[in-house]
Amino acid sequence: MVDTTQYLVLGAILFCLGVAGVFIRRNAIVIFMCIELMLNAVNLTFIAISRSLGSIDGQVFVFFIMTVAAAEAAVGLAIILSLYRRRQTINVDEVNLLKW
Amino acid sequence: MGIAGYTGILIMVAVAAAFGGVVVLLSRLIGKRQESREKLMPYECGIDPTGNARRRFSIKFYITAMLFIIFDIEAVFLYPWAVVYRSLKIFGFIEMVVFVGILLIGFLYVWKKGALEWGSKSI
Amino acid sequence: MGIEAGTVMLGIIGPEVVLVVAALGLMVADIIIKDERERQFLVWIGVAGILGSLAVSASLWGREVAYGFYGMVVVDNFSTFFTLLFLVAGGLTLLMSHRYVQERKLSPGEYYTLTLFATCGMVLMGKSTDLIMIFLGLEVLSVSLYVLVGYVRGSDKGVEASLKYFLLGAFSSGFLLYGIALLYGATGSTRLAEIGAAIAQKGLLGEPMLLAGMGLLLTGFGFKIAMVPFHMWAPDVYEGAPSPITGFMSVGVKAAAFAALLRVFAGSLPGLGIQWKEVLWLGSILTMTLGNVTALMQTNIKRMLAYSSIAHAGYILIGVVAGGETGTTAVLYYLLVYTLMNLGAFAVVVAIEQKDEKRLELLDYAGMGTRHPALGAAMAVFMFSLAGIPPLSGFMGKFYIFSAAVKEGYLGLTIIGVLNSLVSVYYYLRVTVMMFMKEPEAEITPVLFHPSLVVVLIIALFFTLQMGLFPSTYLHIARESIKIFL
């Protein structure tokens with residue numbers, strides 16, 4: 001039997017991987033994928049806690065996170081696309097007209 | 001529950017793997033091998049493949065996929081709603097009408113703005 | 001749950017309903033009206049929505065505290081105060097954008113719709129008593145703004161700002177959510193009231209999961225209010241976004257995040273508030289100092305105002321740290337004052353700016369005051385007010401914040417705050433000096449005044465003066481708004 005702590009630890013590891021990825025990777029889409037990884041780590045944490053507490057709130061929260069993530073993905077990818085059209089690059093280091 | 005609860009699944013996996021392996025092996029041993037151009041072509045739903053798979057796709061696929069995600073994910077709210085529908089009574093019904101109504105306006109907007117037109121060059 | 005209860009609930013989110021109906025109406029009107037020129041009138045649907053929403057929310061003022069949607073949202077004076085503030089900010093932004101959109105041939109339908117949705121998200125944030133609602137409100141406003149920031153598709157800076165805002169916004173949402181998840185794990189609820197009760201009952205204050213959760217939550221909010229060290233997105237995004245949207249973000253997003261922060265820390269988790277004061281104390285000092293010192297070196301007016309906006313977040317944090325009745329009242333008063341004076345300053349920027357991001361450098365302001373004395377005088381008032389020079393409202397705002405801090409025994413923080421204000425006088429004054437004292441290098445094309453923009457300037461000017469000269473009414477309103485926390 002896998003107990004809640006292990007799920008929480010897995011969630012924390014995934015979250016940290018996501019954060020590390022955001023700092024290390026330079027491709028805008030990969031950065032966005034890392035952010036999605038963070039969100040899914042949060043989802044896992046919510047589900048695990050929800051299960052162990054026997055409360056349904058966490059699962060409801062996950063629904064909302066999923067929906068919002070989809071909306072964010074659509075908007076975000078569109079932004080990345082329009083950036084590519086103007087600059088022919090999606091490397092965030094080359095996107096530096098404004099000082100970071 | 002422990003590992004014991006998964007015994008059935010494990011047996012199932014083993015049987016499936018064995019069956020697949022045996023069938024492939026048997027046809028290899030028994031069957032005749034005739035190689036022809038058609039047989040070695042990648043399978044694309046019966047249509048002759050055109051060009052390399054690594055070429056660039058039209059942006060329209062992307063827009064359609066994006067719209068699909070947005071509208072698809074909304075269905076996630078229909079399931080819990082359907083489960084508790086009876087206890088919510090008429091209030092729940094009205095809530096869902098409002099929810100779907102807003103989605104409908106969004107859909108109408110997408111449609112009329114021509115985002116679903118495959119042929120148009122406006123996007 | 002019968003239908004009667006449903007209508008009662010609808011009253012609680014009345015302002016949001018009006019906003020959303022107006023926004024949807026705008027979308028429908030946008031597809032019905034084919035003529036490009038007629039579409040410019042869409043702004044009036046937006047303004048009508050804001051006015052309707054203002055009327056509804058004004059009627060909610062002073063009512064009994066009422067919870068709706070199973071305790072997800074609440075109507076109290078605190079939420080009504082912020083609702084009014086966001087609606088004013090949203091309405092002024094719409095008016096300010098009128099000519100901006102027309103001149104640059106941006107498609108007006110989406111622009112105004114998204115502005116209304118962003119306003120709606122802010123209103124929801126101020127109202128929520130559940131972390132789920134805070135998150136949803138935040139996302140409604142953020143996703144709308146990601147699009148608005150990059151709305152001028154021909155602008156390299158705009159698209160870049162949009163990407164940066166999006167990536168860092170989504171990143172910070174991740175932190176916020178993980179914080180919420182851990183809080184939920186530690187206390188078993190996402191309701192603010194229940195979280196507070198669970199902490200008090202079980203004595204969870206030192207619990208590592210709770211501490212981590214609060215830290216992450218604070219990081220998430222820190223990004224939104226541009227608190228140092230989570231401020232790095234602000235200057236880039238503020239510079240690249242369309243000017244009216246920059247003004248809207250600098251006041252609206254900040255106020256929404258502060259509203260949620262106050263509800264979480266001061267309102268429902270008072271024990272936690274005390275625990276986190278030291279973090280906020282440090283954050284406040286860093287935010288003020290970095291904002292002001294960096295603003296000194298800016299040559300682009302929008303970038304300068306961005307750093308100024310960071311600095312102001314620092315001042316407001318002093319009030320949050322001071323807490324108590326006087327501190328929180330001062331925070332609310334300051335947010336109101338800041339909204340009007342900063343939007344006023346941005347209205348001047350929008351008036352002077354020309355197509356393709358021209359005339360945004362400080363040097364371009366040379367001679368503007370002598371050519372257009374009224375505009376110059378208005379800018380002078382907003383700049384003096386931002387700098388905190390009496391008798392303008394910015395001075396009164398700072399006065400109340402600093403005196404609250406002194407009263408609560410944060411003398412060091414107050415001294416740093418006052419020193420910072422002195423530093424800030426330099427760069428605010430420089431704009432005015434530039435406008436009146438310096439002769440332009442080339443002949444300048446005159447500023448064209450659009451009626452909508454003049455209305456914004458007059459409203460902002462009136463309140464900046466009035467709130468400074470007669471602050472007692474507004475202070476009273478602010479004090480009434482925070483009664484729920486006492």
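Helix H1 of chain B covers residues 7-30, and at 1.5 Å a residue its 24 residues should span 34 Å. The model is predicted.

**Chain B as a whole**
- Chain B has five helices and zero strands.
- Along the sequence, the pattern of chain B reads α-α-α-α-α.
- The radius of gyration of chain B is 25 Å, whereas the globule rule gives 14 Å for 123 residues, so chain B is more spread out than a compact globule.
- Along the principal axes, the C-alpha atoms of chain B fill a box of roughly 65 × 55 × 20 Å.
- Of the 123 residues of chain B, 0% count as buried.

- Helix H3 of chain A (residues 57-87) packs with helix H6 of chain C (residues 131-149) at an angle of about 10 degrees, and their axes are 10 Å apart.
- Angles under 35 degrees count as roughly parallel, so H3(A) is roughly parallel to H6(C).
- On the H3(A) side, the residues in the contact include A:Phe61, A:Phe64, A:Val68 and A:Glu72.
- On the H6(C) side, they include C:Ile132, C:Leu136, C:Glu139 and C:Tyr146.
- By class, the contact of H3(A) with H6(C) has eleven nonpolar residues, two charged residues and no polar ones.
- An α-helix has 3.6 residues a turn, so residues three or four places apart point the same way.

Methods: Residues numbered from 1 in each chain as written. Chains lettered and ligands numbered in written order. Predicted model: local features only at pLDDT ≥ 70, side-chain atom pairs only at ≥ 80, totals over all residues. Axes fitted to C-alpha atoms, helices over the stretch in contact; angles between N-to-C directions. Helix = DSSP H or I, 4+ residues; strand = E, 2+ residues; numbered from the N terminus. Parallel < 35°, antiparallel > 145°, perpendicular 65-115°, else oblique. Contact = placed C-beta atoms within 7 Å. Nonpolar A, V, L, I, M, F, W, Y, C, P; charged D, E, K, R; others polar. Expected span 1.5 Å × (residues − 1). Rg over C-alpha atoms; globule rule 2.2 N^0.38 Å. Buried ≥ 20, exposed ≤ 12 C-beta atoms within 10 Å, placed from the backbone.
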